[in-house]
Amino acid sequence: MKLHNPDGKSEISALGLVVHPTKPVDDSVAKIIAWAASHSVQVVAREQDRDRVTPEVETLPDDEFVARVSGLLALGGDGTMLGAMRLVIARPVPVLGINHGNLGFLVEVTPATLEDSLARLIDGDFTIEAHSCLDAEWAGATPSQSVGFNDIVLASTGRAGAVSVDLTVNGLQYGYYKCDALVLSTPSGSTAYNYAAGGPVVSPSASVVVVTPVAPMAGISRAVVLGAEDRISIHVAAESAPVEVDIDGTSAGQLAPDGVLTAYLREDASQVVRFAAGEHASRSRIKLSLLDLPLRRDQLLELIPGDLRTGNDADG
């Protein structure tokens, strides 16, 4: 599906940069600025990234940044991509990830193909992969902390003991968990902590939430798959260790004793740019299969012939 106006002009006139705080992305930023200048496209960044971009890039407060942009470029890995998606959740615009990370399940473009990808983005020659998220609420939560595109994890604070919680679905008691942690996952997040905990890999096209216990000791011991319309409540039992809430790998607060976290799936919460959706899905399946091999990445490289290894090393 091509995305463009009937007259053929691009709908993307202002690109926003979301930049990893430490990874070396200077070359990509320079390419973006040079390309945009020759194609009459604005490039803006957030004030917090002022030191990560060049002076000719206008930096804005987050609210002005979100209001201005018609597309986002996330320079980093999956974490940077998730942050960009979360930033524009109230006003979804196309988000393109440029991989400066490692595996990169979400990001598709490499720095080597950046300029061609920018041309296709502005021409509307791409498809949109809609991503759902989990919206959560609990006492003390703030809206910016309570949205997860991958997962919401309830874990014991400082490994102080087992998490003991009750699961209620649509107001009906479902069961209880006693475990090291409990993972609530979106379909795209099913390849993250959920997968490591033994949960199922879910198709991105499925509208479901997966609830998976980590190291279960009692109660429900297997993953439970719930529908998009289900309203999920997690109630902390009196016997539970203190519970910390992590969202997409970042600490988001704590659940007090007798506290309740409610969550539901919000569909079409983000627009991820895909140039070759089938190829990206195939690469993701290969990356996922590599995680199951009993070899580290450096050990895998040793299996590559020496005349090919240098190129693979350089790719990072």
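**Strand S8 and its partners**

Strand S8 and strand S16 (residues 243-247) are paired in the antiparallel sense over five bridges; two strands pair if DSSP finds at least two bridges between them. Within S16, Val 245 is the bridge partner of Leu 154. This is a predicted model, in which local features need pLDDT of at least 70 and side-chain atom pairs count only at pLDDT 80 or more, while totals for chains, interfaces and linings use all residues. Residues are numbered from 1 along each chain as its sequence is written, and side-chain values use heavy atoms, with hydrogens and water left out.

S8 is also joined to strand S11 (residues 181-185) by five bridges, and these two strands run antiparallel. Ala 155 stands opposite Ala 181 in S11.

Elsewhere, Gly 16 lies in strand S1 (residues 14-19). Gly 16 counts as buried because its relative accessibility is 0%. Leaving aside neighbours within four places in sequence, the residues in contact with Gly 16 include Val 44, Phe 65 and Leu 72, contact meaning heavy atoms within 4.5 Å. Gly 16 and Phe 65 are 49 residues apart in sequence, yet their C-alpha atoms are 7.3 Å apart in space.

In the chain as a whole, buried residues make up 46% of the 316 residues. The chain has eight helices and 18 strands, which are DSSP runs (helices H or I, at least four residues; strands E, at least two) numbered from the N terminus.

Technical notes
Buried < 20%, exposed > 50% of the residue type's maximum accessible area, 1.4 Å probe, protein only.
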